[in-house]
Amino acid sequence: MENILSLLVFFPLVAAIFGFFVDNKSARVYGITVAAIEFILSLVLWFQFDSSNAGMQFIEKVDLIPSFGISYYLGVDGISLFIVIMATMMTLLGIIALSVEKNLKNMIVTLLFLEVAMIGVFVSLDVILFYLFWEFSLVPMLYIIGAWGGDKRLYASVKFFIYTFAGSLVMLVGILFFAYLYYKASGHWSFALTDWYGMRLPFEGQTWMGLSMPSVQTWLFWAFFVGFAIKVPMFPFHTWLPYAHGQAPTVGSVILAAVLLKMGSYGFVRFSLPLFPDASVAYIVPVAIIAIIMIIYTAMVAYAQKDMKQVIAYSSVSHMGIIVIGTFAMNTEGIAGSVFQMLSHGIVSGALFMLVGVIYDRRHTKLMSEFGGLALQMPNYATIFVVMTMASVGLPLTIGFIGEYLSLAGFYKVSPMLTILAGTSIILGAVYMLALVKKSFFGPMTNPENEKLKDLNGKELAGLLPLVAIVVWLGVYPKPVLDPINNTTKALVQFMHNKAQSPEAKKTILVSKETKGAK
């Protein structure tokens with residue numbers, strides 16, 4: 001299918017505009033229909049994708065402002081393909097399970113606008129186009145939290161916007177400076193990421209007035225790093241996320257955890273590693289230490305929480321640390337594991353936020369102290385919650401095990417000691433998640449209000465059962481998803497190895513034997 005990426009980007013945009021003319025009673029059906037078509041289009045993209053091709057596919061390129069090298073440039077590879085599919089799937093399931101009644105039509109339209117931004121980020125190969133979609137994603141989420149959130153929604157939404165927008169501005173400075181360097185080197189402007197990949201930035205330390213100064217590559221690495229780190233979010237920039245999750249409606253938390261956070265980790269893989277391979281290697285240890293702090297610290301904070309949703313929120317930050325660890329492993333196992341973990345984290349955390357939303361709709365409280373003994377009263381709900389808990393803690397034969405294992409195995413080649421520290425996430429995750437399950441689902445039912453609770457209804461099951469199936473399927477048989485990711489990651493690592501200038505970087509960026517033979 002020609003121009004399928006443009007169709008994926010702009011179909012929900014057109015549908016969102018027409019959605020303003022749909023009445024409130026028909027809004028849910030309209031939203032589900034549009035999101036279902038979008039999801040089917042993403043599956044068509046997968047079926048037509050050549051898994052043996054490690055490069056970009058379905059490329060579309062049209063010059064927009066030739067004098068400044070700005071173009072409409074789209075493409076997908078094995079890294080971005082499944083994130084696009086996850087974005088369309090979670091949007092569909094989020095709308096299906098949507099429990100919002102106030103201004104339902106506006107919520108549906110906002111989610112469709114948000115879907116446009118999410119897909120645009122993951123398929124853009126022009127850096128300015130990428131940045132426009134990146135910034136556009138802030139507006140719908142700001143509105144979702146501010147209009148449908150809890151009592152402190154304005155504080156949470158403003159904090160979310162200020163943090164992420166500030167990081168974006170720092171990244172924009174890096175983007176413009178990189179474009180200027182490209183212009184000075186080539187004589188013409190270009191914001192095409194494929195052109196930028198071919199540019200070697202100096203990494204030798206410079207001197208100024210007798211002082212050793214960081215290289216251009218180092219400055220640009222940190223400019224991009226700040227923008228991506230805040231979106232992940234990495235310590236110490238993570239404080240906006242628990243507030244955003246705590247105040248956002250359920251569907252907002254689902255999309256935020258499942259897709260929006262992945263923009264930051266995706267940025268590391270798509271920009272930081274291939275553009276700045278020497279700097280990425282030079283700062284492996286500082287980045288890993290930051291990631292380990294977020295893994296351990298937020299896990300401990302999660303255990304101290306009394307609110308179910310806050311446990312999941314801090315858990316989300318902790319698991320994102322594993323993704324960062326895998327990304328900066330600089331080898332195929334680690335990077336492929338981090339990309340797979342992006343999918344795993346999105347599906348599992350999205351499902352857990354849905355489950356918390358279910359109990360909140362019935363009791364209008366998320367405090368664990370208000371529950372207990374729910375397993376007998378709501379057996380289907382308890383079963384799905386436990387399955388997702390097992391996936392969250394990385395139980396073998398669930399989707400959570402594959403990504404965590406590969407990420408940690410990849411980073412073990414860099415630093416066994418740091419990997420052992422990062423691996424404590426498995427133990428700590430089991431501690432706070434099993435404590436949540438024990439307090440909420442087992443023991444005596446002491447609160448009489450819980451005796452009237454109804455189990456999952458058809459709408460809720462429709463939103464949750466597909467995620468349960470994926471958790472088991474990809475935990476048992478990840479090959480259909482892992483192979484395309486692995487092929488693209490091998491090519492990425494080989495590219496980084498060839499582009500790296502310092503002997504230390506070339507030594508650290510481990511190229512698989514299969515890739516060496518192919519070259």
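This is a predicted model: local features need pLDDT of at least 70, side-chain atom pairs count only at pLDDT 80 or more; totals for chains, interfaces and linings use all residues.
**Overall build**
- The protein contains 23 helices and four strands.
- Its radius of gyration is 22 Å, close to the 24 Å that the globule rule gives for 519 residues, and the protein is therefore as compact as a globular protein of that length.
- Taken along the principal axes, the box filled by the C-alpha atoms of the protein comes to roughly 75 × 55 × 45 Å.

**Burial, contacts and surface**
- Among the 519 residues of the protein, 61% count as buried.
- When contacts with a separation of 6 or more are considered, 79% of those in the protein are accounted for by residues 24 or more positions apart.
- The protein has an accessible surface of about 19500 Å², and carbon and sulfur atoms hold 68% of that surface.

- Ser124 is found in the loop that runs between α4 (104-123) and α5 (127-136).
- Ser124 counts as buried because its relative accessibility is 3%, where buried means under 20%.
- The backbone oxygen of Gly120 is reached by the side chain of Ser124 at 2.5 Å.
- If neighbours within four places in sequence are left aside, the residues in contact with Ser124 are Tyr73, Leu74, Leu129, Phe130 and Phe133.

Terms used: Residues are numbered from 1 along each chain as its sequence is written. Side-chain values use heavy atoms; hydrogens and water are left out. Helices (H or I, at least four residues) and strands (E, at least two) are DSSP runs, numbered from the N terminus. Buried means under 20% relative accessible area, exposed over 50%, partly exposed in between (1.4 Å probe, protein chains only). A polar contact is a pair of N or O atoms within 3.5 Å; within protein, one must be able to donate a hydrogen and the other to accept it, and residues adjacent in sequence count only if both atoms are side-chain atoms. Contact means heavy atoms within 4.5 Å. The radius of gyration is taken over C-alpha atoms; the globule rule is 2.2 Å times the number of residues to the power 0.38. Accessible areas come from the Shrake-Rupley method with a 1.4 Å probe; for residues, only the protein chains shown count as cover.
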